[in-house]
Amino acid sequence: MAWRTACRGIIRAEVPPAEIQTRLVSRSSPSPARLFEGRGLACRRGERLVFENLDFALSSGGALLLTGHNGSGKSSLLRVMAGLTPPLTGALTWDGTGIADDTAAHHARLHFIGHQDALKPVLTVAETLAFCAALRDTAPDHVLPALRKFHLAEFADWPCRVLSAGQRRRLALARLVASPAPLWLLDEPSTGLDEASTQDLLAAIAGHRAESGMVAIATHLPLPIPGAAPLSLEKFAPRRSAA
Amino acid sequence: MQRFANPGRFMRLSSRVMPWCGAGASIGLAVGLYLALLVAPPDYQQGEAVRIMFVHVPAAWMASFVYAFLALASAVALIWRHPLADIAAQAAAPLGAGFTLLCLVTGSLWGEPMWGTWWVWDARLTSVLVLFFLYVGYIAVVNGFDDPTRGARAGAVLALVGVVNLPIIKFSVDWWNTLHQPASVFRVGGPTIDRSMLVPLLIMAVAFMLYFATLLMLRMRTAIVASRVRAARLGEIEVIPEPQGGHQAAGSVT
Amino acid sequence: MTAFWALVARDLRLALRQGSDAALVVAFFVLAVVLFPFGVGPEPQLLARIAAGVVWVTALLAALLSLDRLFQQDYEDGSLEVIALAPLPLEAAVLAKCLAHWLTTGLPLAVVGPALAALLRLDGAGYLPLIFAMALGTPSLSLVGAVGASLSLGARRAGVLLSLLVLPLYIPVLIFGVAAVEQAVAGFPIRPHLLILTALLLAALPLAPWAAAAALRPALE
């Protein structure tokens with residue numbers, strides 16, 4: 001993977017603090033397999049039950065593809081996985097421990113990219129990514145490589161208000177590689193992206209999985225993710241009561 | 001997962017208890033008002049005007065009590081997510097606001113002959129006024145969102161934030177030099193009020209409490225039935241089959 | 001701690017680049033105070049008598065106006081979600097935003113307040129107490145305001161609801177803030193009032209972020 005070698009070269013050329021070196025080392029050495037599981041999950045949005053009795057399992061290097069019509073609960077499931085929405089019933093576990101026991105640790109291990117881009121018009125592209133990295137206690141060293149990955153490096157000093165819709169989406173996705181996290185939760189990530197940018201996204205996902213990361217993607221656009229386990233939300237729709 | 005659809009125990013219990021509470025409240029109010037207005041002696045200082053006390057003081061007690069109930073229900077709703085807790089809190093809020101308003105108005109009517117003024121900005125009156133605003137704010141927050149669950153959660157947090165006002169109300173007459181009379185019933189050392197006045201006062205207090213209980217149960221039952229109707233409309237629970245039509249199976253309501 | 005200061009820095013940067021926000025709040029403060037001599041007449045004794053109260057009440061209202069930008073914009077563009085999903089506890093994030101809010105709203109109000117009090121002919125003994133009282137009281141305004149702002153987030157009439165929620169909770173700060181100045185003018189010691197203002201601030205410091213975070217979580221579901 002040329003980009004990984006290039007990144008390492010760029011980063012090592014400067015004098016990185018010991019913290020970053022440790023991070024790089026742990027990124028490239030094989031990490032133990034992680035398991036993210038959900039059992040018996042049910043979710044309510046407003047007063048409507050969206051899905052029930054849902055199970056899933058995601059392990060290192062794995063990908064989960066959530067499909068279903070509008071309103072079937074794809075976004076809701078991702079929010080439950082992120083810990084934003086508490087499930088009505090059921091439990092989520094990471095390596096056997098419930099995620100509700102330590103929310104800070106759970107947040108530290110995931111990236112959630114939702115429908116909104118979370119961009120401020122007056123901040124520059126580079127400042128936005130540096131802030132997102134700093135929020136996750138990561139040094140801003142990964143910012144420029146992240147911008148390059150999504151071909152945004154030439155816009156690094158532009159304020160966000162002049163970006164097009166596709167560029168805004170790419171910047172939101174660049175957060176994924178600006179700081180490390182084993183679990184990626186993506187809600188319709190390819191919306192508004194052109195062919196080349198979609199390839200950037202797929203490359204990022206593939207690279208992440210190769211480094212023992214895992215990803216759950218909700219999408220209604222076709223996304224060729226090799227070896228992805230499909231999860232159709234329609235199967236878990238609440239049953240209407242019958243005789 | 002239709003937790004809110006069948007709080008059966010509460011419905012059964014309240015249908016049995018409510019008539020008794022209602023009867024108790026009516027009798028209590030009748031007896032209490034008779035004693036207060038006709039039998040209790042006039043105060044040696046205040047004369048007949050003291051009879052306002054028999055409405056003002058129980059209303060004040062209920063205002064604080066209902067807020068404490070509201071805060072407790074909100075705590076249960078936030079911590080254990082019990083569905084009845086939200087319903088109880090929202091049912092109690094307008095009742096508490098009513099008691100507070102009654103307390104403020106009767107206090108004002110009493111203050112005019114006694115203190116020579118309709119209102120004074122001392123600690124007790126100001127903190128009860130703040131209590132009234134807290135009730136109104138709670139009702140506004142609960143109804144201010146399109147999503148009712150969101151409103152319920154926000155209201156619960158507000159109710160808990162406002163609890164700091166309760167000790168201020170209670171102890172304001174002790175902590176500050178106020179025009180309002182210090183406590184004469186709930187105090188260390190026992191009540192200082194004469195028995196001929198204490199008895200009607202306590203009867204009125206019990207009557208107010210039973211009245212609150214009756215209305216609370218009524219409002220909660222209404223809220224539960226309303227939520228059942230909403231859930232049935234969304235097709236989530238069985239609809240009881242029509243009596244005519246025999247084998248009409250339970251189905252969703254579209 | 002990096003995340004905490006990064007959030008403070010970002011909010012400060014946003015406030016500086018959208019500079020008109022903070023300036024508008026101070027402008028409202030000045031305009032509202034200036035209305036009073038027009039309303040009650042220019043008689044110096046009357047103005048001096050009401051100076052402390054007028055300055056405090058208009059500072060409260062100006063602070064109230066600035067509260068909607070505390071969470072509203074972040075909520076609307078999705079940044080609040082990103083902040084809530086950071087390892088930083090939501091309570092700490094709220095505290096960071098309150099700190100930035102105070103630095104860009106409360107502090108300017110506390111600096112301009114004595115100047116406006118001079119406009120209203122406040123007695124000389126009242127200025128130092130006013131500065132201290134506002135320095136102690138304005139952080140409480142930001143903290144308590146954060147609770148109100150988080151409760152009304154996403155509501156239909158969020159602005160009016162915010163005022164209804166926050167103004168009753170501001171009353172203790174108002175009472176003791178004005179009392180500190182008026183007691184100083186009358187020649188009485190003001191230490192008790194300043195101590196109570198400090199106590200209110202110390203109580204608000206842990207409780208307000210906790211309550212605001214509890215109110216923000218349902219908004220982010």
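Trainee: How do you know how far apart in sequence the contacts in chain B reach?
Mentor: Take those between residues at least 6 apart in sequence: 72% of them join residues at least 24 apart. A contact here means two C-beta atoms, placed from the backbone, within 7 Å. Mind that this is a predicted model: local features need pLDDT of at least 70, side-chain atom pairs count only at pLDDT 80 or more, and totals for chains, interfaces and linings use all residues. Residues are numbered from 1 along each chain as its sequence is written, while chains are lettered from A and ligands numbered from 1 in the order in which they are written.

Trainee: What is the confidence in chain B, and where is it lowest and highest?
Mentor: pLDDT is the predictor's confidence in each residue, from 0 to 100. Chain B has a mean of 82, with 85% of its residues at 70 or more. Helix α6 (residues 165-175) of chain B is lowest at a mean of 77, and helix α2 (residues 53-80) of chain B highest at 92.

Trainee: Where in chain B does pLDDT stay under 50?
Mentor: Over residues 1-5 of chain B, with 14 contacts beyond four places in sequence, and over residues 238-254 of chain B, with 19 such contacts. Where pLDDT is low, the predicted coordinates should not be read in detail.

Trainee: How many helices and strands are there in chain B?
Mentor: Seven helices and zero strands.

Trainee: On to α8 (residues 195-210) of chain A: what span is expected, and what does the helix reach?
Mentor: The expected span is 1.5 Å times one less than the number of residues. With 16 residues, α8(A) reaches 22 Å from its first C-alpha to its last, close to the 22 Å expected.

Trainee: Which residues of α8(A) are called buried?
Mentor: L201(A), A204(A), I205(A), H208(A) and R209(A). Buried means 20 or more other C-beta atoms within 10 Å of a residue's own, exposed means 12 or fewer, and partly exposed is in between, with C-beta atoms placed from the backbone.

Technical notes:
Helices (H or I, at least four residues) and strands (E, at least two) are DSSP runs, numbered from the N terminus.
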